[in-house]
Amino acid sequence: MATRVLCRKVRSIPSWKKGFTQAQVIHTKPKEEIGDQEENKVPKHQDTFFRDGYRLHYNPSSYHQFTSNSSNAGSQIDNYEEDQFFSAQAPSFWQRKNHYSVSCSRHLSSSKTTILDLAFNKASETKEKSGIYNRKPVQPDVKVDTRAFLKCSHEYSSLSLDLTQRPHPVEWVDVLPVLQKVSVLKGRMKPSDVSHFLVQLSNLHPDKMPLLKSDQRFVMLLRYSVEHIRSFSELQLLEILQSFVWLEIPSSHTMLEVYEAEFCRRTKQLTLHQLLFAADLWRCIGRQVPLFLKRLYVSIHLYIGQVGVPELVQLLYIIGEGRHCPKDLVRPIEQLVLCHLANLHPEEIGTVCLGLFKSQTSLPESTVTSIVDRALSFVAEMSDFAMVNVLKYLRFSYLYHRAWLEAMAQEVPRRAHRMGVQGLMHVTLTCSALHYRDISILTSVAERVPSLVPYCRSKDSSKLLWAFGTLGFLPAESPGFYPSLTDGLRQRKTEFHRYPEHLLTGLLGLAFVSQFPEDLVSLALSPEFIHLALKNSQLELKKDLFTLDAAVALEIPQWNGPRLSAELREEVVEMLWKFAQSDVCLKPEVLEAELSLQDLLGGEKFVRKRMILPHTRSIDLEVHLDSNGQPIPVDLLCPKMSLTVIPSPQSWEKSNSGVHITDKLLAQLIRGKNTTDSLAASVKVASKPCQRLPPDEGGRLFDSVLDLTSDMIETLTKPSRKRSNQQDSAGQGFKGSIKLAVQISSRNHYCIQSQQLLGLHAMKRRHLKMAGYRVVELSHWEWSSVMRKSRAEKLAYLHCKIYDSL
C-alpha cells in the first residue's frame, strides 16, 4: 500500500497561541468557582442536546455566505446581516422546515453501536411555492469589505479571524485517513484527538464540504466533541470553534448551544485577546451569543489598562454586531476613544462609528464632534463604506457637523457612480435626518439610483423616496428618479407582508412631492393591508395610514379607491390632538402668539388653536375675517358649536383718546418712515426676504422713528367700543369670509440654513390652500425676535402679517 505524504503550508500563529502545545491548558488566573446556575449550564445543555436522540441539522443553503468565495463572502457578512430582508426574530424557510435532520441513539460506545445511523439525509429539499419566507434576499450590488479595518495592523491577527486567509485546501482523498481513524478509535478518542481531527478536516476544499457533512464518521466526531467539551483546554476550544468556521457549521446548529455555554463558563480563564478572538469566531459563524457577550463586557473592566487601538476597535466591532453596549461600559469606551483617537486609521474610524451606531450608543456631542473631526482630516482616504458609517453615526447623534457635510458635497458626487444602493440610501437618509439639502449630493444620487433598482430592497426604495421627498427634491429635477423607485416598490410587493412600514414610508415620501401611484396607494389603503399593518408591525402605523389617506382625499378628489374607516380616522385624530395638547400647544411661542392675536382681534372667540388638518400632525391658530377684513368669531363657522351671542367685529378706531391711528402713523410704526400710501401699502412687508440672524445679533425688526406713548399703546391694544348690530352680522352669514391659518413655524420645519420647507410642512401648506385657507406664517427667525419686544410692537407686527395676507 502506497504511503501518502501530505505537505501543507504552515499558517502564522496568533500571539495568544505561541508557546503552547495543543494539549496544554492555559490558565491566566486561578480558576474561580462560579454560581450553581452557571456550573450546571453545560450539563443542562448536554441533557437537552442528547434527550430523545441527537439531531444534527444540515442544509446547503445555510452556508451560502461561504461556499462560493470565502474571502468575498466573509467581507459581506456584517453588512448583509444588518440590512438583509429577514430579521433574526423571524426564522427563514430553511430554519422552519429542515429535511436534513436525522436521529441516533444517545450511546456511542463500540460495544453497543455497530452501525451509526448518523448520516445526513441526502434527499434534496423540496421547493415550496413562492412566498415571503422562501424568497431569496436581494444580493448586494457592490461588494463591500466590512472587515477592512483588520488590515490596518498585524496585531489584529490575535484578536480576529482573517476570512481571506483560508487554510490551504486539501482534497477528499487526503481527509479519508482522518475519517478512518475516527471510525477505528470511536470511544477511545482523547480530547486532543477530537480537536486535532476537526482542525485537519476543516482544511478540506469548500466544494467537498457537503460530502464531508454526509459522512457518518464526521457526525460521530461532532458528537464526541460535545462529550469531551469539559476536557478541552481553552486553546483547544478556540481551535475547534475556528474549525467550525471553515467547516461552515450552520449558526442554528444545536451543538453550538453547548459550546456557547462552555465559553460562558470559562470567561474568567480566558485572556483579553482570547475573549475578543472567541467573540469574533462566533461572529464569523453568524451566531448571536448574548450571554457570552455579557460575560465578555464584564471582563473588559478587568482589562481596561490593556486596551490599545486594535483591542478598542475590535471591541466596538463586536459591540456593534451584538447590537448592545452595557451602560456601565459607555463611559470607559468614550475615554478610550478619546485617548486613542489620534492613532486611528480611516477604516478604524469607520468601524468605531458603525459599532456605536449599531449598538445605539450615545456619546456626548463634544466627543462625537472630535470623532468626526478626525474622520474629516483624512476623508479623501476613507473607503465609501467607512465614510457612510460616519454619516450613520451623525444621523443617530443628530449632530450637524457643517465642515463634514460640506466635505460630503464634494465626496459624494465624486464617488456616487461606484457606490452601492445601500450606501447611497444611508447618505441621503442622513441628509434628510439632519435637514441638510445639497443639490449636488441629491442630483448625483438621483442619477445613479435608477440603474441600481434591481438591487433595491423595499427598505432601500422606501427610504430613498422618503429622504428625497423630505428634502423637497421635485420630480422635474431628475425625471427618471421617482418612477424607477416606484417600480422598485412594485417589484418587492411580497416584502410588504413582512415589512408593511416600507410601503407607507415610500408612499409618504412620494406624497410630499405630490406623487400618488394609484395601484400602490390602493394596496396601502386596502382593508387587508391595513389589518396586516396594524396587527403585525411593531411600529405605530396608524398615523402614517391616516396621513396618506387624507393626502389622497385632498389631492385626488376623484379618488374611488379604498379609504380608511371613519372610526380609525377619529381614533387617530383623538390620539394626535391629545399629544398636541400636551406638547406643541404649550410651547411659549405658540402661547404668546395666541394671546397676542386675541388682544389684536378682540378676544378669545376670534382665535382658535386647533389642528385644522390633523393629518399634518401640527396645530394652527385659525382666524376668520369678513370681506371687509373685520374679524369674525371662529366658533360661528364650527357646526358643533351652538352660539347664542354673536359679537360684531371690532373696528380699529380709538374712542376717548387724543391719538387717532392713521395710515401715516401705522406706516411709521411698522416701517419706520413717512408715507402717503394707502393702508394696504403702508402695512405691506418689505419685499426683501427675511434672513435668519445670528443669535447674538438679536434680529431687531422695527426701528421706529416715533416713540410709543401711552396713548399709542392704548390705541393698539384696547378694543373699540364701536360695534355693529350682531343680528345684522348673523343674518349676513359672513358671506365671502376669509379663513386664515396662522402658523408658528420652527427651525425643524425647514432645511438647515435655508427657507426650503421640509416635505411634510410643504405638503401642509399645499393642503391648507386646497382646503380654502390662506397661510400666515410667523416664521421662527422673525417671531422669536418679536416676542422680546413690547406689547405694542407685537401687535403692530401681527397686524402687518394678518392684513398683508388680504
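How many aromatic pairs does the count come to? In this predicted model the count comes to 13 aromatic pairs, where rings of Phe, Tyr and Trp (its six-membered ring) pair if their centres lie within 6.5 Å. Residues are numbered from 1 along each chain as its sequence is written. Local features need pLDDT of at least 70 and side-chain atom pairs pLDDT 80 or more, while totals for chains, interfaces and linings use all residues; side-chain values use heavy atoms, without hydrogens and water.

**View 1. Phe-263 and Trp-282 form an edge-to-face pair.** The ring centres are 6.1 Å apart and the planes stand at 80 degrees; edge-to-face denotes planes over 60 degrees apart. Phe-263 belongs to helix H10 (residues 255-265) and Trp-282 to helix H11 (residues 272-285), so the pair ties together parts 19 residues apart in sequence. Helices are DSSP runs (H or I, at least four residues), numbered from the N terminus. Both Phe-263 and Trp-282 are buried, that is, under 20% relative accessible area (1.4 Å probe, protein chains only).

**View 2. Tyr-393 and Phe-396 form a stacked pair.** Their ring centres are 5.8 Å apart, with planes at 20 degrees; stacked denotes planes under 30 degrees apart. Both residues lie in helix H17, three residues apart, about one turn of the helix. Tyr-393 counts as buried at 1% relative accessibility.

**View 3. Phe-468, Phe-473, Phe-481 and Tyr-482 form one aromatic cluster.**

**View 4. Helix H17 (residues 384-397) meets helix H19 (residues 421-433).** Val-388, Leu-391, Lys-392 and Arg-395 in H17 meet Gly-423, His-426, Val-427, Leu-429, Thr-430 and Ala-433 in H19, contact meaning heavy atoms within 4.5 Å.

Key. Axes are lines fitted to C-alpha atoms, for helices over the stretch in contact, and angles run from 0 to 180 degrees between N-to-C directions. Helices (H or I, at least four residues) and strands (E, at least two) are DSSP runs, numbered from the N terminus. Buried means under 20% relative accessible area, exposed over 50%, partly exposed in between (1.4 Å probe, protein chains only).
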